[in-house]
Amino acid sequence: MIDATELVKELQEMRDGGFLSDALLRQAVKRIAVADDRYDWVGVYLLNDEGDELWLHNYVGEPTEHAKIAVGQGVCGTAVETKENQNVPDVSELDNYLACSPHVQSELVVLIRAGDEIFGQIDLDSEEPAAFTEKDESALEAVADKLAEQIAAERR
Ligand code: SME
């Protein structure tokens, strides 16, 4: 499990030290990726200005061909379209799944948002089936909320 309290504290300290969202997003991905063996691929996608595509900001794991994902496509695009986090226990059951690697079995997408305004998402893939729990989701939500605070502050 990711220790969200610890990571949120670290991200706030970075904010206090003047670091911008770009640095926070990279640090968060690095920390999450080493936090648990179930987290095989971890990345952040940001919604473009038009609000119709997710662009891959940074990741740890195997290279992916999905640098850009249209809203509505795959697990990632569905999260934005429905404005809901996605916890998919078995990706093989989805019709519109965008495969990153043939080994991935489950996926968790947690939105980076300020209320109804969506900035992007944290995306996790696992090679274990049904790898992600509600505890993972709420821990990652706390991290996503801290990232959203900095992104919102830069857009004011
Ligand atoms: N599986 C995602 C695509 C992103 S890769 O996992 C890195 C999806 O279906 O949207």
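At what angle do helix α2 and helix α4 pack, and how far apart are their axes? Before the answer, a word on the model. It is predicted, so to speak of local features we need pLDDT of at least 70, side-chain atom pairs count only at pLDDT 80 or more, and totals for chains, interfaces and linings use all residues. Residues are numbered from 1 along each chain as its sequence is written, and side-chain values use heavy atoms, with hydrogens and water left out.

Now the helices. α2, residues 21-35, and α4, residues 134-155, pack at about 170 degrees, with axes 9 Å apart. Helices here are DSSP runs of H or I with at least four residues, strands are runs of E with at least two, and both are numbered from the N terminus. Axes are lines fitted to C-alpha atoms, for helices over the stretch in contact, and angles run from 0 to 180 degrees between N-to-C directions. That angle makes α2 roughly antiparallel to α4; the term covers angles over 145 degrees, while under 35 is roughly parallel. On the α2 side the contact, meaning heavy atoms within 4.5 Å, is made by S21, L24, L25, A28 and I32. From α4 come L140, V143, L147, Q150, I151 and E154. By class, that contact has 8 nonpolar, 2 polar and 1 charged residues. Nonpolar means Ala, Val, Leu, Ile, Met, Phe, Trp, Tyr, Cys and Pro; charged means Asp, Glu, Lys and Arg; the others, Gly among them, are polar.

α1, residues 4-16, also packs on α4, at about 10 degrees and with axes 8 Å apart. That makes α1 roughly parallel to α4. Residues of α1 in this contact include L7, L11 and R15, and those of α4 include V143, L147 and Q150. The classes are 9 nonpolar, 2 polar and 3 charged.

The remaining pair is α1 and α2. Their axes come within 10 Å and cross at roughly 155 degrees, and the two helices are therefore roughly antiparallel to each other. L7, E10, L11, M14 and R15 of α1 meet A23, L24, Q27, A28, R31 and I32 of α2.

What did a search of the whole structure find? There is 1 cavity of 30 Å³ or more. A cavity is a set of points on a 1 Å grid over the protein atoms alone where a 1.4 Å probe fits but cannot get out, and lining residues have an atom within 4 Å of a point. Of the 13 lining residues, I69, C76, L98, E107 and D123 are the closest to the centre. α3, residues 74-82, gives the most to the lining, with 3 residues.

Definitions and conventions
1 Å grid on protein atoms, 1.4 Å probe; cavity = no way out; pocket = protein on both sides within 12 Å on 5 of 7 lines; lining within 4 Å. Points joined across faces, edges and corners; volume = space filled by probe spheres on them. Parallel < 35°, antiparallel > 145°, perpendicular 65-115°, else oblique.
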